[in-house]
Amino acid sequence: MTPDLMKAGAQIRLAREHKVAAAGSSGGRSASFGHLNEPGTLDVRHGAILYLDDITVSFDGFKALNALNLTINAGELRCIIGPNGAGKTTMMDVITGKTRPDLGKAFFGSTIDLLRLRENEIASIGIGRKFQKPTVFEHLSVFENLELALKADRGVRSSMFFRLNGEQLDRIGAMLTLIHLKDSAQRNAGLLSHGQKQWLEIGMLLMQDPKLLLLDEPVAGMTDEETERTAELFLSLEGNHSLVVVEHDMKFIGELTQNGKNGKKVTVLHEGSVLAEGLLSEVQANEKVVEVYLGR
C-alpha cells in the first residue's frame with residue numbers, strides 16, 4: 001500500500017459503471033461466469049473472488065508471467081511461494097493495475113474486469129496491497145494513521161472539519177486491539193519496531209474494508225514472537241476477507257496452512273506459471289518443487 005493509493009481509495013466511490021464490464025457481455029468469459037450483476041458490485045456467487053486466466057507479461061523479451069492461471073475463492077487464505085524471479089510480484093502488479101499484461105484476463109469476482117480499471121479504482125473496489133517495506137506516516141501517531149485510513153469520501157473542505165463519531169472511534173479501538181497496538185495508540189509510528197509497523201500498515205488496509213488482501217512477504221524482518229502474532233492475525237481474518245500471502249518463510253507458511261480452517265492450498269510459481277498447487281504436504285513432496293525451490 002502506498003499513501004497515494006490510500007488517498008485515492010478514500011476519495012473514489014465504489015462503483016463507476018462505465019469502468020465495469022459485465023461478465024456476459026465483455027471479455028469473452030466462459031458461460032459459468034456469465035451472470036449479469038449490478039455494475040460495480042462484487043459477485044462471488046460462483047465461489048471465487050479472483051480469476052487470472054492465461055496472464056502473460058513480458059519485459060524486453062523475458063516472460064515474467066507465462067500464461068498464468070490462478071483462482072482464489074472468497075474468504076480463502078492462499079499462500080504463494082516460489083524462487084526469486086518466479087513472477088510473484090509481477091502477479092500482484094497485474095492484479096492491482098500497476099502492470100498491464102500482454103495477454104490474458106483478470107477478473108475480481110465474476111463481473112469486474114480489472115484490466116479496464118486504473119490503480120486507484122482497483123484500490124477503491126476492495127483490493128488492498130501490502131508491500132514488503134511498510135508504508136506508514138511516521139510523524140503521526142498510530143491512532144492518527146488509522147484515522148487517515150478510514151474509508152470516507154472527504155474533500156479538502158470536509159477534511160478540515162472532520163470529526164470522528166462514536167462508531168468510528170469504536171472501530172479504530174477494535175483495530176488497535178486486533179493488530180496488537182492498543183498500548184501504542186498515541187505513539188509516533190516512526191518509533192515502532194519493524195514488525196509493529198507491518199501490523200499498523202495491515203490495520204490501515206483493513207480500515208478501508210478490502211475484500212481481497214495481497215500481502216508481500218509480511219513477516220520479513222520480524223522476530224519469532226511477531227511472526228507468531230502475525231499468523232494469528234491472518235488466521236483471524238480468514239473467511240471475512242480473502243488473503244493472498246506471498247512469503248519465503250516456510251515455518252510461517254506452515255503456521256498459516258496447518259491452523260485455522262482446514263484444506264488451505266499452497267501455490268508454487270516458477271518461471272511465471274503455476275508449477276504445483278495443493279496442500280502444503282503435497283507441495284513439499286512434489287519432486288519438481290523440491291528441485292527448483294525447497295532443495296533437498
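Reply: Happy to! Let's start with burial: a residue is buried under 20% relative accessible area, exposed over 50%, and partly exposed in between, using a 1.4 Å probe and protein chains only. This is a predicted model, where local features need pLDDT of at least 70, side-chain atom pairs count only at pLDDT 80 or more, and totals for chains, interfaces and linings use all residues. Residues are numbered from 1 along each chain as its sequence is written, and side-chain values use heavy atoms, leaving out hydrogens and water.

Me: Are Lys-264 and Glu-238 buried or exposed?

Reply: Both are buried. Their side chains also meet in a salt bridge at 3.6 Å, N to O, a term for a side-chain nitrogen of Lys or Arg within 4 Å of a carboxyl oxygen of Asp or Glu.

Me: How many salt bridges does that rule give?

Reply: The count is 10. In one of them, Asp-43 meets Arg-45 at 3.3 Å, N to O; Asp-43 is buried at 2% relative accessible area, whereas Arg-45 is exposed at 59%. Glu-76, Arg-78 and Glu-277 are linked in a salt-bridge network.

Me: How do I read a strand?

Reply: In a regular strand, side chains alternate between the two faces of the sheet. Strands here are DSSP runs (E, at least two residues), numbered from the N terminus, while helices are H or I runs of at least four. Take strand β6, residues 127-130: Ile-127 and Arg-129 on one side, and Gly-128 and Lys-130 on the other, are all buried.

Me: What does Arg-129 meet in a salt bridge?

Reply: Its partner is Asp-93, at 2.6 Å, N to O. The pair links distant parts of the chain, strand β6 and helix α2 (residues 88-95), 36 residues apart.
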